[in-house]
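Subject: Structure for you to look over

Hello,

Here is the structure I promised to pass on. Please open it first, then read the notes below.

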Amino acid sequence: MQAAYVISLEFLTSLPVILFAKNSHLPVPLSEKLSEIVNQGKLVSDEIIISLLSKRLDAGEAKGESGFILDGFPRTITQAEILEGVTNIDLVVNLKILEDVLLEKCLGRRICSQCGGNFNVASINMKGQNGNPGITMAPLLPPAHCMSKLITRSDDNESVVKERLRVYNEKSQPVEEFYRSRAKLLEFDLPGGIPESWPKLLQALNLDEYDDKQSAAA
Ligand SMILES: [Zn+2]
């Protein structure tokens, strides 16, 4: 699913998407070095990450890239501050979802103990309230032969997930404030999963017309 979104976004904007996530397919050499770091669970200094990113951006510029999209970075105020000294960020999109929904989705994660496939049994269907839109997220169910082999990772329990969310909020709030004070923050309330969110996100970014053209051409 993520690969499809990256390809669409790169097509629509003509900009490379640089992912800072587990198992991401970053361009070499940034990808190799960062995924190595992530996979080893090592804490790497922000300077190293920024210097790798900076090299990647310079290489892109030399190739004629007119910009870039960073996914999952910066995550802390320190990273945001260093990044500002390296390059100019035009817009930051803050994807937001109700914490209850996020918690339910995290607790709904299942892995097939045989094939290792990732699934999600949580089915979200919240009605809109007080003028807020509802949220719909379909479960990602496994094929029948995986159904009886599903397991839950031990760290996908409520107290661990809540702690992860607490740490995330604590670190991301100053980052949001950093970009809000520079009038660069676009708040985007996710209306559901990728199928529900994608058209609205393109609309918010003024990319929906391009998407119509892409659909027409397909
Ligand atoms: Zn399976």
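A crossing of two helices is called left-handed if the near helix is turned anticlockwise from the far one by less than a right angle, and right-handed if clockwise. By that rule, helix 3 and helix 4 make a right-handed crossing. The contact takes in Asp46, Ile50 and Ser54 from helix 3. Helix 4 supplies Thr78, Gln79, Ile82, Leu83 and Val86. Sorted by class, these residues are four nonpolar, three polar and one charged. Helix 3 covers residues 46-62 and helix 4 covers residues 77-86. Their axes come within 10 Å and cross at roughly 35°.

One caution before the rest: this is a predicted model.

**Confidence**

The mean pLDDT of the chain is 83. A score of at least 70 is reached by 83% of the residues. Among the elements of the chain, strand 8 has the highest mean, at 96. Helix 9, residues 208-217, has the lowest, at 58. Over residues 22-28, pLDDT stays under 50. For that stretch the model has 12 contacts beyond four places in sequence. Where pLDDT is low, the predicted coordinates should not be read in detail.

Helix 5 (residues 99-107) packs on helix 7 (residues 158-180). The angle is about 135°, and the axes are 10 Å apart. Helix 5 is therefore oblique to helix 7. The crossing of this pair is right-handed. From helix 5, the contact uses Glu99, Leu102, Leu103, Cys106 and Leu107. From helix 7, it uses Glu158, Val161, Lys162 and Leu165. Six of the residues in the contact of helix 5 with helix 7 are nonpolar and three are charged, with no polar ones.

In what order do the three strands of the open sheet stand? The order is 5-4-8, and the pairing is antiparallel. Strand 5 (118-120) and strand 8 (150-151) are at the edges. Each has a single partner strand, so one side of each is left without a neighbour in the sheet.

Strand 4 spans residues 109-112 and pairs with strand 8 over two bridges. In this pairing, Ile111 is opposite Ile151 of strand 8. Strand 4 is joined to strand 5 by three bridges, again antiparallel. Here Arg110 faces Phe119 of strand 5 across the pair. Strands 4 and 5 also form a hairpin, with five residues between them. In its turn, Gly116 has a positive phi of about 80°.

**Two backbone details**

Which bond joins Phe73 and Pro74? It is a cis peptide bond, with omega about 0°. Pro74 sits in the loop between strand 2 (69-71) and helix 4. That is the helix 4 whose crossing with helix 3 is described above.

Ser14 also deserves a look. Its phi is near 55°, a positive value in a residue other than glycine. Ser14 belongs to the loop between helix 1 (2-13) and strand 1 (17-19).

Best wishes

Methods. Residues are numbered from 1 along each chain as its sequence is written. This is a predicted model: local features need pLDDT of at least 70, side-chain atom pairs count only at pLDDT 80 or more; totals for chains, interfaces and linings use all residues. Axes are lines fitted to C-alpha atoms, for helices over the stretch in contact, and angles run from 0 to 180 degrees between N-to-C directions. Helices (H or I, at least four residues) and strands (E, at least two) are DSSP runs, numbered from the N terminus. Two residues are in contact if their C-beta atoms, placed from the backbone, lie within 7 Å. Ala, Val, Leu, Ile, Met, Phe, Trp, Tyr, Cys and Pro count as nonpolar, Asp, Glu, Lys and Arg as charged, and the others, Gly among them, as polar. Two strands pair if DSSP finds at least two bridges between them. Angles under 35 degrees count as roughly parallel, over 145 as roughly antiparallel, 65 to 115 as roughly perpendicular and the rest as oblique. pLDDT is the predictor's confidence in each residue, from 0 to 100.
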